[in-house]
Amino acid sequence: MVPTSIRPQENALELTNIEKKFKKKRGEYSYALKGVSLTVHRGEVVGILGPNGSGKSTLVRVISTLTLPDAGEVKVFGIDAVQHPRTVQRFLNRVSVEASFFKKLSSLENLLFGAKLYGVSDAESKPRINQILTGIGFDVKRIGEPMEHLSRGMQQKIALARALLTSPMLMLLDEPTTGLDPRSKKDVQKLINQIRQGHDSSILLCTHDMGEAEELCDRIGILLNGELIAIGTAAELKQMYGTENLEDVFMAATGTSLDEAEFAPDERGDEAAVAEPAPELVEVGVG
Amino acid sequence: MEITHDHLNKSGWQRELIAIWGYAQRNYFLTKRYFLWEVVWLVYTVMNALTIGFIGVGFGGTDAVYATTFLLIGSMLWSYLSMIFDLLSETVSWERWEGTIEYTFMAPASRATQLIGMGIYAVIYGIVRLVIMLGVISLFFELSLENANYGAAVAILAICSVSLVGFGMVAAVMPLLSPEKGQQVTSIFTAVLLLVSGIYYSVDVLPNWMQPLANISPVYYALNGIREALLHGASFSSQWSNVWPLLIMGAIFPPLGLFLFQRGEIYAKRTGLLKRAG
């Protein structure tokens, strides 16, 4: 039977042994995700820290039903996302590094369209758009301007507003502040904090910004070459590795600095790199 | 920032209806934003039809009025039907080009809803263009429409529109299967339809081996039926030979298109092709 609703008492997200590989050439595959298991409790913000090509975006695509895993189980509030994608889709939304809008359309037109795909009518969304945009500090006078006239920071605020309009119980934030100027970055981070405090939403935040992860997340996981090699609170991770900051935790866990990992050869573009096997998972605290 | 969850309590069909309206309204917004381009394309299409009309005047001999009307019916109908086909078949490539494909495909609206929304807008948009074309063309040419049965022509056009929406759905799967080459394949579909459907000539003039291809083109039956209705005043009921293939295609193509599209979507999700960049 197809479930029509989620089970709010369940964990927001449960990933069990997720595997995903992509074909490169005839008979050659590269692993994007290797046995990833992760739980996000209701109301929790979990960060996934990893360099480019570590599998963060593939992980987000698997959860958001855009990519089918080869193995493993994805459960959103207790519902299997592979078996019942449309039930799960109603309760999650996503903000990615690219704002992804119809560039010629205005913010309002994009927001109205985005909301309707989730069954939110104009009559319901219009007052909420005003409320949300005011709340996030967007100048509502610019709501009729084409998206292409807005700065990246403003576009990213509209992307967050689009997600909020659909009242997601699980938000997937895939590097939402990458490429933003420092002020816009602060604004967006402040907004994520507001969402966390004022909205019944659980958040999975993928980032390669250590400060952002530490500031916004209850727990942080480190993803390297498609494997989740450590997860815990920032304090637990620091204690575990005997370091004073997350940079050193990353270095201790992966044997490389985040900057070095960013520039490691990656033949697959934005999917995971084929590299040395990652160290075994170190899990500290709850989760 | 208080967020309500009221819309989550709506029934499935209510949400799908709102989403159908969403797709149609978005396309309307896009048409408005690209208005100057729309004008350019319309002018181009009208000029193209006028050129073809003048060929009828020039080469029609003693029956120039009939020849001109025959050609213009083909030209206008092709402009309408190919536009419906193109809009539907570009469903995926358009989203990919704008960079919104992932957001659309992770939304809970069904694929049928997306294609129906696109189809409804394509039909309304096509009719508006057709009326404008007809108005301009009637200023330039004497047409042989004294016996025309407009009711029968409109009925056949309506049935054919459903087939073409379904045909477009079948073609729309191509860019899902191959982000780089899929849209080119749909252009080949369009070109073959143009060649074998008898838009500007009777299919009898095609080589023998090519003529059977017309039998699987909904455009061929629509043109036959509409020409009979407009040029000879044939009634809808007297055109069963053109109507039944259109009814069958109208019943087969939309569900077939939807089925193939859903299979294509699963393939794209398995192979990682459902990404914003091609």
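Trainee: What makes helix α3 (residues 64–89) of chain B and helix α7 (residues 150–172) of chain B a packed pair, and how is their geometry described?

Mentor: Two packed helices are described by the angle between their axes and the distance between the axes. In this predicted model, the axes of α3(B) and α7(B) come within 7 Å and cross at roughly 35°, and the crossing is right-handed. The residues that meet include L77(B), Y80(B), L81(B) and I84(B) from α3(B), and L157(B), C160(B), S161(B) and L164(B) from α7(B). By class, this contact has 14 nonpolar, 3 polar and no charged residues.

Trainee: Which class does L17(B) fall into, and how do you know?

Mentor: L17(B) has a relative accessible area of 48%; the buried class is under 20% and the exposed class over 50%, so L17(B) is partly exposed. L17(B) sits in helix α1 (residues 12–33) of chain B. Its C-alpha atom and that of I156(B), which is 139 residues apart from L17(B) along the chain, are separated by 27 Å.

Trainee: What is noted about the backbone of F77(A), and what about that of S167(A)?

Mentor: F77(A) has a positive phi of about 45° although it is not a glycine, and phi of S167(A) is near 50°, again a positive value in a residue other than glycine. F77(A) lies in the loop between β4 (71–76) and β5 (79–80) of chain A, while S167(A) lies in the loop between α5 (152–165) and β7 of chain A. The relative accessible area of F77(A) is 0%, so F77(A) is buried, and S167(A), with a value of 0%, is buried as well.

Trainee: Why are β2 (28–40) and β5 of chain A said to stand at the edges of their sheet?

Mentor: The sheet is open, with 4 strands in the order β2-β1-β4-β5 and antiparallel pairing. β2(A) and β5(A) each have a single partner strand, so one side of each is left without a neighbour in the sheet.

Trainee: How do the strands β6 (residues 92–95) and β7 (residues 170–174) of chain A run, and how many bridges join them?

Mentor: They run parallel and are joined by 4 bridges, with R94(A) standing opposite L172(A) in β7(A). In a regular strand the side chains alternate between the two faces of the sheet. In β6(A), L92(A) and R94(A) point one way, N93(A) and V95(A) point the other way, and all are buried.

Trainee: What describes the interface between chain A and chain B?

Mentor: The size of an interface is often given as the accessible area lost when the parts come together. Chain A and chain B bury about 4,500 Å² between them, 58% of it on carbon and sulfur atoms. In chain A, L66(A), R90(A) and F102(A) lose the most area to chain B, together 15% of what that side buries. In terms of contacts, 55 residues of chain A touch 45 residues of chain B.

Methods. Residues numbered from 1 in each chain as written. Chains lettered and ligands numbered in written order. Predicted model: local features only at pLDDT ≥ 70, side-chain atom pairs only at ≥ 80, totals over all residues. Heavy atoms only, no water. Buried < 20%, exposed > 50% of the residue type's maximum accessible area, 1.4 Å probe, protein only. Helix = DSSP H or I, 4+ residues; strand = E, 2+ residues; numbered from the N terminus. Pairing = 2+ DSSP bridges. Axes fitted to C-alpha atoms, helices over the stretch in contact; angles between N-to-C directions. Left-handed = near helix turned anticlockwise from the far one by under 90°. Contact = heavy atoms within 4.5 Å. Nonpolar A, V, L, I, M, F, W, Y, C, P; charged D, E, K, R; others polar. Buried area = accessible area lost by both parts, 1.4 Å probe.
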